[in-house]
Amino acid sequence: METFIQQLINGLSLGSVYALIAVGYSLVYSVLLFSNFAHGGFLVIGGYICYYALRSGGANIWVASFAALIGAGISAIIVERLAYRPIRERTPITLYMLIASMGMSIVIENIFVVTVGGRFRALPPVIPTDPVNFLGLATTSAFDILSLVTAVVFLAGLQLFLVRTKWGLAIRAASYNLKTAGLMGVNVNRLISIVFFVAGLLAGVGGIFLSVRYTLYPQLGSMITTKAFVAAVIGGLGSLPGAVIGSIILGLAEMLTAGFISSQFRDLVVFGILIITLIVRPTGLFGKSVGEKV
Amino acid sequence: MRKVLAILSLVIVVLAAGAAFAAEPIKIGYLAALTGDYAQYGITEVNMAKLFVDEVNAKGGVLGRPLELVPYDTKTRNEDAVNAVRRMIEVDKVCAIVGANSSGINIATAPIVADGKVPQIGTVASNPFVTVDNKGKVRPYSFRICFTDPYQGALAADLAYNDLKKSKAAILYNVGSDYAHGLREFFIKRYEELGGKIVADEGFRETDVDFRAQLTKIKNSGAEMMLLPGMGKDMALAIKQAQELGLDITIVGGDGYAEFMNEIAGPAMVGTYWVNHTYMEDPAMAPIFARYKEKYNDECKEFVNGTMSYDAMTWLVDAINRAGKAEGPAIAKALEETKDLKLNHATLTIDPATHDPVNKAGIILKVGDDLKAKFYKKVEPK
């Protein structure tokens, strides 16, 4: 029982980090109907900004995190301007943007390899990682709880932004039909920039937490984002609650498999769940059915 | 007049050739990663080898000829290493090669040095297949100066059971790593022979970074110590996550230990034990490290690589002297026959059946409160 509770907590904390990244995927997908594989790059950018602000800039964690979030958000806008907008303006086929995003992902990764080197870096111990005991039932670190809470806060913030603001309304409208939203007077280019900024910002949060947990290196983005992408697909690409629930399912599945079957079955189970979901419900758990849109 | 000129030029040519012959250097290739992730290790090795060559040349060289170092970059890629070794043998005509420091590269270059009849000495290439092929036959031109992974695994078992008195062990290893498999297999063998019990044997995959599920199992297994037969980052993350889960356990690892782990795992590193080849404060190495600092104005931070490079060069020059000529086959024979050679970090005897050092002492390092790996004890195999 103790082991079970422990693995449950491990799974929730892992799932919460996946959720921050998966939501970014879903957000972009909901508006532009393509999966932005460069998303992991924004996470790495956020991580490195935070690292250098803390190490060389002498900033405190609040300032460093703020810089990382803004930096990751802005770089997402820049990537959209440079790589996706020209394609978007020339063709309605989103497959080209998907391919461009794969290229951008490699470009971002290699920019870091060339400029700062491939070595592993650890953020200074700015976030507490002391063990915390739950009524003698399980032990987790203060960091895990903090990452869970932060994920909840940011996801709730995102929900508020989408429901309560004008741009949120525009994004929701665009997620039904971008073209029509444009015809209704929404500035589509600005809308897309905002979507990318928000997605990049969330990736930045994930980047900071992942760097603290697993150290920082240029390939960090590609490692964890595959799982986050799978989570977004399971939940239904384009659906934000779906992305969150898919992430939690995935986090729990990973930890329980590793804990009770074998750690070598972990990825087998993860991708097994993906395939079963796609067979039973191709649009994911919360995805909009394609037919409805047509 | 034309005749005089012809004779004169002939005399000059003969004289020049004679002078060149007398001073023709003995070329030694050095294979190291000089760019990429592992560049720091390779640069230290080449720097140390250059220091050694300068010292030998200052004393009059070897067999009356100066030494010349021919370093090449592997970029930690097998194909680049293979090309470099071909060039060394065919174009530069080296008589022997020192390096590289990784097992994979030495295994890749083994057939080429065998064809070219040029002996190669691996520095910290500890996989058994570096010197022995998969049929168990010794590779005639491949040697190493470090001990092997199986041997290291046995040393770790001795340390855990006899010295630290831990009789229940857990293992957390990368299922895709030959290095980890070697250490793990021989740790288990030796540990069970001694009377210890393996209570948890957990694997992870190359790209994994989260080990909390496995560590939770280890925590509940009642293990008293945990073997981490891995490389720097994986082990540092495991140590950090173990601490976060409140898993208070004695940790023993091998020569995959690296200084940067302290940056990742922080205070969780304190009290961990590492089987290694040598140590920073080794009094026998102190004069060499001091000369290194004087020449390069930098500490020899990658001290294991520095030590192995200097001592491998020493070993090679000793073999050339014994062979009496700078030719591959003769040098290989002399390397094979090495017995009780006093090096700086150890006394070297080579087993002709495996080209591995025999009965080489291991050094146990223990990480202190200041996060520095310090000499804990020297273990002589029993």
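1. Begin with strand β8 (residues 225-228) of chain B. Met225(B) and Leu227(B) point one way from this strand, while Met226(B) and Leu228(B) point the other way, and all are buried. In a regular strand the side chains alternate between the two faces of the sheet. The model under review is predicted, and this holds for every value below.

2. Which strands pair with β8(B)? Strand β6 (residues 168-174) of chain B is joined to β8(B) by three bridges, and the two run parallel. In that pairing Ile171(B) stands opposite Leu227(B). Strand β9 (residues 250-253) of chain B also pairs with β8(B) in the parallel sense, over four bridges. Here Leu228(B) stands opposite Gly253(B).

3. Helix α7 (residues 212-220) of chain B has as its buried residues Arg212(B), Ala213(B), Gln214(B), Leu215(B), Thr216(B) and Ile218(B). Just after α7(B) comes Gly222(B), which takes a positive phi of about 80°.

4. Chain B also has an open sheet of five strands. The order is β2-β1-β3-β4-β5, with parallel pairing. At the edges are β2 (67-73) and β5 (142-144), each of which pairs on one side only. Direction ignored, neighbouring strands of this sheet are turned by 25° against each other on average. Strands of a sheet pair through backbone hydrogen bonds, either parallel or antiparallel.

5. Within this sheet, strand β1 (residues 26-32) of chain B and strand β3 (residues 96-98) of chain B pair in the parallel sense over three bridges. Gly29(B) stands opposite Ile97(B) in β3(B). Helix α11 (residues 303-323) of chain B packs on the sheet and touches β1, β2, β3, β4 (120-122) and β5 of chain B. The direction of α11(B) makes about 150° with that of β1(B).

6. How many disulfides are there over all chains? The count comes to zero. A disulfide is a covalent bond between the sulfur atoms of two cysteines. For Cys146(B), the nearest cysteine sulfur is that of Cys300(B), 16 Å away; the cut-off for a disulfide is within 2.5 Å. Cys300(B) is likewise in no disulfide, with the sulfur of Cys146(B) as its nearest. Cys146(B) counts as buried because its relative accessibility is 0%, and Cys300(B) is buried with a relative accessible area of 1%.

7. Turning to aromatic rings, a search of the whole structure finds 22 aromatic pairs over all chains. A pair of aromatic rings is described by the distance of the centres and the angle of the planes. One of the pairs is Tyr25(A) with Phe37(A): the centres are 6.4 Å apart and the planes at 70°, so the pair is edge-to-face. Tyr25(A) is in helix α1 (residues 2-32) of chain A and Phe37(A) in the loop between α1 and α2 (39-55) of chain A, 12 residues apart. Are these two residues buried or exposed? Tyr25(A) is buried, with a relative accessible area of 2%, whereas Phe37(A) is partly exposed, with 24%.

8. Phe34(A) and Tyr84(A) form an edge-to-face pair, 5.1 Å centre to centre, with 70° between the planes. Phe34(A) lies in the loop between α1 and α2 of chain A and Tyr84(A) in helix α3 (residues 61-90) of chain A, so the pair ties together parts that are 50 residues apart in sequence. Both residues, Phe34(A) and Tyr84(A), are buried. Elsewhere, ring pairs link Tyr48(A), Tyr51(A), Tyr52(A) and Phe112(A) into a cluster.

9. How do α2(A) and α3(A) cross? Their axes come within 8 Å and cross at roughly 145°, and the crossing is right-handed. Residues making the contact include Phe42(A), Ile45(A), Gly46(A) and Ile49(A) of α2(A), and Ala64(A), Ala68(A), Gly71(A) and Ser75(A) of α3(A). An α-helix has 3.6 residues a turn, so residues three or four places apart point the same way.

10. Some backbone details deserve a check. Most residues other than glycine have a negative phi, and most peptide bonds are trans. The peptide bond from Gly99(B) to Ala100(B) is cis, with omega near 0°; Ala100(B) lies in the loop between β3 and α4 (103-116) of chain B. Thr215(A) has a positive phi near 65° and lies in the loop between α8 (188-214) and α9 (220-235) of chain A. Asp340(B) has a positive phi near 45° and sits in the loop between α12 (328-336) and β11 (341-342) of chain B. Thr215(A) is buried, with a relative accessible area of 2%, while Asp340(B) is exposed, with 55%.

Conventions
Residues numbered from 1 in each chain as written. Chains lettered and ligands numbered in written order. Heavy atoms only, no water. Buried < 20%, exposed > 50% of the residue type's maximum accessible area, 1.4 Å probe, protein only. Pairing = 2+ DSSP bridges. Axes fitted to C-alpha atoms, helices over the stretch in contact; angles between N-to-C directions. Contact = heavy atoms within 4.5 Å. Phe/Tyr/Trp six-rings, centres within 6.5 Å; stacked < 30°, edge-to-face > 60°. Left-handed = near helix turned anticlockwise from the far one by under 90°.
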